[in-house]
Amino acid sequence: MASSENRNFFYKYESMRTKWSRFFDQGNAKAGTIRTFFNTFHKNHRGFTYVVGELFDESIHLLVSPDQYNLIKEEIEKKVGETLPDVSRSRDVIIKARGKSFPNLQSFKNYSKTLDEQNKEIEKRRKENARKSVVELQRTIRRNPKALILSFDLEAYEHNHSIILEIGYAMTTLNNQEAVQTFHYIIQENLSYSNKDYVPDKRDHFNFGTSEHMSLKEAAAKLRDHIKGADFLVTHSGAHDTQFLEKCEVSVSGKLMFDTQVLSLTLLPDGPPVYGLKKLLEDLKIPFDEEVLHNGGNDAYYTLKAFLSLAKLELQ
């Protein structure tokens, strides 16, 4: 059974193999040492097990835990006598299977090939969904050129994503886009939780208004009232945010929603397969302060600006 893993993060084994194998020039003996390490890994590490997990873009990968990652990294570093670069972490993983192991390199390659084929189909489906979303955006703009838009973002505790630290949202209309209302709620009962290990704590750095301290129940009620009046919602990679809103009794069921990460697949075809908010703002040439990203109110505001820029691209 699939489950959500909120307390931990993972590393893609293939990313580790690829990044570290390419760290040294291919003619360097150390590059050969690392390639040999990975080619003989399953033979020399009998019983090693992986997690099979689905990432935020729906792709499926073989993942290792932080402890496994550190052990592999340290083992290779001892062999080559140098420090290897870190590999990016994967969060918000949906666990598909645990305890996956391989007796040899060939069985690993066979399984990896199967995952690659699945991921190609997943990517194809994502692109098709993105095209459908753009078509829906076209219809929405034509049907309601004065539509009220609400963009929202939640900031959760990095070690347990069920603990909401901030709720932020921004509102404007299609026909008066310069008039933006912003809201930023800091959750009073969760003030003792602070992010620092994987994302910065920026809850006191709201740039587009005044933050308010209140209970999660109060914040959810305020957001719920504003959602009712909005014609449609905007988010950036917000699937998990909507799940947490449902737990707070803030229903978005039946409400039209656009995801800037999804829209960018079609409207920015030369961009990366998955846009982070920072990269999206850069490519859309939207001015922003990188130092205040990861604040719920700021991210909601910037997501709204990104959506409006993407909508203009669609109209062109």
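Predicted model: local features only at pLDDT ≥ 70, side-chain atom pairs only at ≥ 80, totals over all residues.
A pair of aromatic rings is described by the distance of the centres and the angle of the planes. The count of aromatic pairs in the model comes to 27. Among them is the pair of tyrosine 13 and tyrosine 50, which is edge-to-face, with 5.2 Å from centre to centre and 85° between the planes. This pair links distant parts of the chain, since tyrosine 13 belongs to helix α1 (residues 13-21) and tyrosine 50 to strand β3 (residues 50-54), 37 residues apart. Tyr13 and Tyr50 are also members of one aromatic cluster, which they form together with Phe37, Phe38, Phe41, Phe48, Phe102, Phe108 and Tyr111.

Returning to helix α1, its buried residues are Tyr13, Met16, Trp20 and Ser21. Seen down the axis of α1, these buried residues fall within an arc of 105°, so they line one face of the helix. An α-helix has 3.6 residues a turn, so residues three or four places apart point the same way.

Aspartate 153, in strand β6 (residues 148-157), is buried yet has no salt bridge, and the nearest side chain of opposite charge, arginine 91, is 11 Å away. Leaving aside neighbours within four places in sequence, aspartate 153 is in contact with Glu166, Ile167, Gly168, Asp241, Asn295, Gly296, Asp299 and Ala300.

How values were computed: Residues numbered from 1 in each chain as written. Heavy atoms only, no water. Phe/Tyr/Trp six-rings, centres within 6.5 Å; stacked < 30°, edge-to-face > 60°. Helix = DSSP H or I, 4+ residues; strand = E, 2+ residues; numbered from the N terminus. Buried < 20%, exposed > 50% of the residue type's maximum accessible area, 1.4 Å probe, protein only. Arc of directions from axis to C-beta. Lys, Arg positive; Asp, Glu negative; His and termini not counted. Salt bridge = Lys/Arg side-chain N within 4 Å of Asp/Glu carboxyl O. Contact = heavy atoms within 4.5 Å.
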